[in-house]
Amino acid sequence: MKIRYSDYTVEQLREIVGELKEKLQKAEQFGHISEVQILERKMQVALAYMMNPDDYKPKETYEMNGDPGHHFRIDYIDGVFAWGKRINLLGEEYEEQEAVPISLLGKKITK
């Protein structure tokens, strides 16, 4: 039986994030770039399960943590993932819709 992040308690998720951080640091030290990317993504998803999806609303735009060159406009929320489109600093919206863990979303952009 496969256990999903949604099955864990917040305390267990914190432990997992700690373990992932350790693995991430080791991967960075050894220069394993693809492993670093995978571990970062796993960590963001685990962090998302410690957050409240109700704090994020469709049609709102948020800063993107770790990506100061883009904002993210939410079309809809599905679990702990926000589906929507990136917006660059010129205000240009990307055509392709994507899903990002809500842990990647920062402050709401007010107009």
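How long is the polar contact that joins the side chains of Arg86 and Glu98? In this predicted model, the polar contact between those two side chains comes to 2.6 Å.

The protein chain holds two helices and five strands. Read from the N terminus on, its elements follow the order α-α-β-β-β-β-β, so the helices precede the strands under the numbering by DSSP runs. As for dimensions, the C-alpha trace covers about 40 × 30 × 25 Å along its principal axes. Of the 111 residues in the protein chain, 33% are buried.

Back to Arg86, which sits in strand 3. Its partner Glu98 also pairs with Arg86 in a salt bridge, with the closest N and O atoms 2.6 Å apart. This pair ties together distant parts of the chain, since Glu98 belongs to strand 4 (residues 98-101) and Arg86 to strand 3 (residues 81-88), 12 residues apart. Glu98 itself is partly exposed because its relative accessibility is 24%, which falls between the 20% and 50% limits. Arg86 has another polar partner too: its side chain contacts the side chain of Asp67 at 2.7 Å.

By the rule applied here, the count is six salt bridges. One of them brings together Lys108 and Glu60, whose closest N and O atoms lie 3.8 Å apart. Here, too, distant parts of the chain are linked: Lys108 is in strand 5 (residues 105-108), Glu60 is in the loop between helix 2 (33-48) and strand 1 (61-64), and the two are 48 residues apart. Both ends are partly exposed, as Lys108 has a relative accessibility of 44% and Glu60 has one of 26%.

Another salt bridge joins the side chains of Lys85 and Glu93, at 3.8 Å from N to O. Glu93 counts as partly exposed because its relative accessible area is 39%. Elsewhere, salt bridges with shared partners connect Arg73, Asp75, Lys85 and Glu93 into one network.

Glu11, Glu15, Glu19 and Glu22 gather on the surface as a patch of negative charge. With a relative accessibility of 46%, Glu19 is partly exposed, so the 30% cut-off is passed.

His70 makes a contrast on the burial side. It is found in strand 2 (residues 70-78). At 17% relative accessibility, His70 is buried, because the limit for that class is under 20%. The side chain of His70 is joined to that of Tyr94 by a polar contact of 2.7 Å.

Lys59 is placed in the loop between helix 2 and strand 1. Its relative accessibility of 60% makes Lys59 exposed. The backbone of Lys59 is worth a glance as well: phi is positive, about 75°, although the residue is not a glycine. Asn65 is partly exposed, at 39% relative accessibility. From Asn65 to Ser6, 59 residues apart along the chain, the C-alpha separation is 22 Å.

Definitions and conventions: Residues numbered from 1 in each chain as written. Predicted model: local features only at pLDDT ≥ 70, side-chain atom pairs only at ≥ 80, totals over all residues. Heavy atoms only, no water. Patch = residues over 30% accessible without salt bridge, like charges linked within 9 Å, V, L, I, M, F, W, Y side chains within 5 Å. Areas by Shrake-Rupley, 256 points an atom, 1.4 Å probe, with all protein chains shown as cover. Salt bridge = Lys/Arg side-chain N within 4 Å of Asp/Glu carboxyl O. Lys, Arg positive; Asp, Glu negative; His and termini not counted. Charge placed at Lys NZ, Arg CZ, Asp CG, Glu CD. Buried < 20%, exposed > 50% of the residue type's maximum accessible area, 1.4 Å probe, protein only. Helix = DSSP H or I, 4+ residues; strand = E, 2+ residues; numbered from the N terminus. Polar contact = N/O pair within 3.5 Å; in protein donor to acceptor, adjacent residues only side chain to side chain.
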